[in-house]
Amino acid sequence: MTIRALNLALPVLLFSAAAVAQYDEGLSAGDVIQDCEDCPELVVIPPGEFMMGTPISAREVDLTRGEGPQVKITIGYAFAVGKTEVTHGQFKAFVDATGHEPDSLCRVWSDEIGFNNDPEANWLNRRQPKRVRDEHAVGCVSWNDAKAYVAWLGQITNMRYRLLSEAEWEYAARAGTTTPRFWGSSPGEACQWANTFDLDGAEEYPFPWFPATCRDGFADLAPVGQFKPNPFGLYDMIGNVWEWTEDCWAATHIGRPADGSAWTWETGCTRHTTRGGGWLSAPERNRIAWPGRDPSDMRNTQFGFRVARDLGTGGSAGEGGNIRRMTLFTSDVELSKAFWSDAMGYTVTFEDAAFGGVETAGSLNLDEGNRAHFVMMTPAGGAGPMIGLLGSDGDEFEPIERVGAQRPQAGESLLVVKVADIFATFEKLKVMGVRIASEPLRLSGQQTSVVGYEGTVYTPDGTRINLQQIESGG
Ligand SMILES: [Ca+2]
């Protein structure tokens with residue numbers, strides 16, 4: 001489901017002569033979207049350009065980390081960025097759904113031995129905070145864990161979720177500002193904007209560096225979103241947890257892609273850039289431009305991440321999860337309407353007058369110009385007429401007659417045709433609260449004359465539905 005919150009800039013724009021730029025999915029800068037109940041909320045970020053890094057003449061600049069000289073980056077596309085860091089509760093939903101097990105061993109603080117790689121510490125038990133809540137930012141997760149999480153989000157939503165590139169991260173963090181911190185220059189003003197190492201932290205933790213000379217109310221990790229957002233409406237872009245980015249770390253910005261894409265090596269890399277500082281880091285590292293350089297499998301109590309997502313539909317990038325067409329058949333018209341409009345977030349026009357010509361309310365997750373159609377077919381064997389939904393991702397709409405040879409057998413209540421990733425569909429259904437009766441399994445093709453996958457689910461009202469992917473035909 002796509003939830004659109006009020007654009008925060010709307011009251012101003014109402015009195016402005018300038019038109020509000022509209023991006024894919026009909027979204028504007030500042031819109032907040034959420035693709036599923038457990039998905040992170042996202043803020044739509046406009047295209048733009050900025051100078052990445054820190055001027056070499058700046059008072060605070062760390063050339064050993066490659067934060068200078070500056071390079072100009074032009075981001076020619078709007079995209080969506082996690083409003084907050086990924087939370088413990090959101091990561092828990094991923095672990096529950098997938099069984100993904102982040103490794104134990106996390107770098108934490110101990111009053112007895114200081115910083116140490118604790119083999120008993122993990123994302124569930126990070127020592128700091130002593131008792132983790134769902135609203136806390138997730139921590140003790142590696143770059144690999146973060147990549148697995150965004151891949152899963154892509155699968156269950158069929159949206160292109162990913163980590164931010166380092167350039168996108170800095171662009172989003174700056175939000176049009178050019179100062180070392182998005183509130184200005186002074187680390188001593190951090191406490192209304194960010195959870196950094198402060199006087200509250202210094203009372204509890206004897207770290208060997210100076211705190212910011214203010215009190216933010218948290219000695220260690222904070223729940224997300226406790227401080228003022230930056231001008232883009234993003235929270236904790238400085239402080240709380242460090243955020244993994246897609247990029248390989250490099251000792252300079254010279255040579256990096258100028259279009260906002262991630263800078264990575266064909267051979268892969270062992271160190272990725274982390275950004276934004278953290279609750280225990282020194283004030284000079286809690287700056288927009290200061291990059292961490294950390295091993296992909298490293299876990300640290302103050303290391304988490306934030307997600308990004310491309311606008312527009314088309315499946316998860318790199319996962320082969322594009323849903324090109326999907327067809328749902330059920331003999332229950334009302335169930336079908338409710339299932340697709342409520343559960344999948346589609347707006348569907350019932351083109352067949354027999355079904356009332358009704359356009360359902362709600363959001364349309366297909367690109368402009370794409371269509372989703374309910375179609376009717378009469379299966380062999382005397383069962384009653386069925387209706388289905390045929391959607392398109394931008395390819396020309398293909399009528400159901402194309403798959404006439406694959407019509408369902410009598411007694412089958414539903415057929416999904418040419419869903420590119422039936423497993424992604426199952427994950428999506430799980431998130432919707434649909435009970436999975438049987439996981440997708442490969443068919444022999446004996447009964448359907450095709451090779452594919454099938455599984456059975458129950459809708460929330462208990463109706464049994466068979467799902468099937470057809471690999472051939474069409
Ligand atoms: Ca952060």
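This is a predicted model: local features need pLDDT of at least 70, side-chain atom pairs count only at pLDDT 80 or more; totals for chains, interfaces and linings use all residues.
Let me begin at Asn-158, which comes just after helix H3 and takes a positive phi of about 60°. Residues are numbered from 1 along each chain as its sequence is written. When I speak of helices (H or I, at least four residues) and strands (E, at least two), I mean DSSP runs numbered from the N terminus.

Now to helix H3 itself, which covers residues 143-157 and, with 15 residues, reaches 21 Å from its first C-alpha to its last, close to the 21 Å expected at 1.5 Å a residue; the expected span is 1.5 Å times one less than the number of residues. H3 is mostly covered, since 11 of its 15 residues are buried, among them Trp-143, Tyr-149, Trp-152 and Ile-156. Buried here means that 20 or more other C-beta atoms lie within 10 Å of the residue's own, exposed means 12 or fewer, and partly exposed is in between, with C-beta atoms placed from the backbone.

What does H3 lie across? The helix lies across strands E8 and E13, and runs at about 165° to E8, where axes are lines fitted to C-alpha atoms, for helices over the stretch in contact, and angles run from 0 to 180 degrees between N-to-C directions. Those two strands belong to an open sheet of five, in the order E1-E2-E5-E13-E8, with antiparallel pairing. The edge strands, each pairing on one side only, are E1 (32-33) and E8 (161-163). Two strands count as paired if DSSP finds at least two bridges between them, and E8 with E13 (residues 307-310) has three, in the antiparallel sense. Within that pair, Arg-162 has Ala-308 of E13 as its bridge partner.

Val-81, Ile-45, Ala-80 and Ala-172 have the most contacts inside the largest nonpolar core, which has 76 residues. The largest share of this core, seven residues, comes from H3. A nonpolar core is a set of buried Ala, Val, Leu, Ile, Met, Phe, Trp, Tyr and Cys residues joined through C-beta atoms within 7 Å.

Just after H4, Ala-175 takes a positive phi of about 50°.

Further along is the loop between H4 (166-174) and H5 (199-204), and in it lies Gly-188. Is Gly-188 buried or exposed? It counts as exposed, because it has 12 C-beta neighbours inside 10 Å. Leaving aside neighbours within four places in sequence, Gly-188 is in contact with Ala-212, Thr-213 and Cys-214.

Finally, let me turn to strand E10 (residues 271-275), in which four of the five residues are buried. E10 pairs in the antiparallel sense with E9 (residues 242-248) over three bridges, and there Glu-243 stands opposite Arg-275. Five bridges also join E10 to E11 (residues 291-295), again antiparallel, with His-272 partnered by Asp-294 in E11.

Definitions and conventions: Two residues are in contact if their C-beta atoms, placed from the backbone, lie within 7 Å.
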